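Student: I would like to go through this structure with you, one topic at a time. Could we begin with the aromatic residues?

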Amino acid sequence: MRVALFGGSFNPPHVGHQLLALYVLETANIDELWFVPTFQHAFHKTLEPFPDRLRMCELAAEALGPRARVSDVEARLGGESWTLRTVRKLLEDHPGVAFSLVIGSDLVGETDAWHGVAELRALVPFLVVARGGHPGGPPSGSDAVAAPVTMPEISSTTIRAGLRAGQAMDAWIPRRVLDYIGARRLYGGEPSR
């Protein structure tokens, strides 16, 4: 089995995440895509509680069908989330699965600073998908594959600010995720439609 890992804070998951996931599911040589929400951000960014972000990822993934799944591996590992540690654990737990790592072009410039990036590159190939406002190809020194499309520029930071201000975010957040945010009163605002 071939699985693409799509990690991130997903704070909250939005339609840009869904578009990227669908693109990878439909064009990459994979069987499944797994959303892997960050448990504790390595750079100490403030996140909504992990159970809420996990559930929102599940709601976003459901719209993509049974080939999109969500992994709680980072919660099981606990502590700060490091991609290398996560990949090692998944390889240990799922022998025989060929994993790849999906990253947006906005992260390409940061990969050289990632913890254990040389080992990570040896363990899994990278699939780079361009994100609007962040042109770029594969990380230097890697055998990454760059997708020939650009995803729309949608910012979780902007979405969170809009939610706090009570702005309508239904164009950016999947309906079921937006309903969950409202029911749980996440992000300090009352989402409107």
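Student: Which residues form one aromatic cluster?

Tutor: Phe6, Phe10 and Phe35 make up one aromatic cluster. Please keep in mind that the model is predicted.

Student: How many aromatic pairs does the structure hold?

Tutor: There are five aromatic pairs in the structure. In one of them, the ring centres of Phe6 and Phe35 are 5.5 Å apart and the planes stand at 40 degrees, so this pair is tilted.

Student: Which parts does that pair tie together?

Tutor: Phe6 belongs to strand β1 and Phe35 to strand β2, so the pair links parts that are 29 residues apart in sequence.

Student: Is Phe6 buried or exposed? And Phe35, buried or exposed?

Tutor: Phe6 has a relative accessibility of 7% and counts as buried because the cut-off is under 20%. Phe35 is buried as well, with a relative accessible area of 0%.

Student: On to the strands. In which sense do β1 and β2 pair?

Tutor: They pair in the parallel sense, over six bridges, with β2 covering residues 32-37. Within this pairing, Leu5 stands opposite Trp34 in β2. The chain passes from β1 through α1 to β2, and this β-α-β crossover is right-handed.

Student: What about β1 and β4, over how many bridges do they pair?

Tutor: β1 and β4 pair over five bridges, in the parallel sense. Here Leu5 stands opposite Leu101 in β4.

Student: Let me change topic. What volume does the largest pocket have?

Tutor: The largest pocket has a volume of about 1300 Å³. Its lining consists of 48 residues, and Gly7, Gly8, Ser9, His41 and Leu107 lie nearest the centre of the pocket.

Student: Which elements give two or more residues to that lining?

Tutor: They are β1 (2-8), α1 (15-27), α4 (83-93), β4 (98-104), β5 (126-131) and α6 (156-164).

Student: Which element gives the most?

Tutor: α4 gives the most to the lining of the largest pocket, namely five residues.

Student: And how does the lining of the largest pocket divide by class?

Tutor: The lining has 23 nonpolar residues, 19 polar ones and six charged ones.

Student: How far are the C-alpha atoms of Ala60 and Val177 separated?

Tutor: The C-alpha atoms of Ala60 and Val177 are separated by 6.6 Å, and the two residues are 117 residues apart along the chain.

Student: In which helix does Ala60 lie, and is Ala60 buried or exposed?

Tutor: Ala60 lies in helix α2, which spans residues 50-62. At 2% relative accessibility, Ala60 counts as buried.

Student: Finally, the overall picture. How many helices and strands does the secondary structure come to?

Tutor: The protein has seven helices and six strands. Read from the N terminus on, the order of the elements is β-α-β-α-β-α-α-β-α-β-β-α-α.

Student: What percentage of the residues of the protein count as buried?

Tutor: Of its 193 residues, 47% count as buried.

Technical notes: Residues numbered from 1 in each chain as written. Predicted model: local features only at pLDDT ≥ 70, side-chain atom pairs only at ≥ 80, totals over all residues. Heavy atoms only, no water. 1 Å grid on protein atoms, 1.4 Å probe; cavity = no way out; pocket = protein on both sides within 12 Å on 5 of 7 lines; lining within 4 Å. Points joined across faces, edges and corners; volume = space filled by probe spheres on them. Helix = DSSP H or I, 4+ residues; strand = E, 2+ residues; numbered from the N terminus. Nonpolar A, V, L, I, M, F, W, Y, C, P; charged D, E, K, R; others polar. Pairing = 2+ DSSP bridges. Right-handed = clockwise from strand over helix to strand, strands pointing away. Phe/Tyr/Trp six-rings, centres within 6.5 Å; stacked < 30°, edge-to-face > 60°. Buried < 20%, exposed > 50% of the residue type's maximum accessible area, 1.4 Å probe, protein only.
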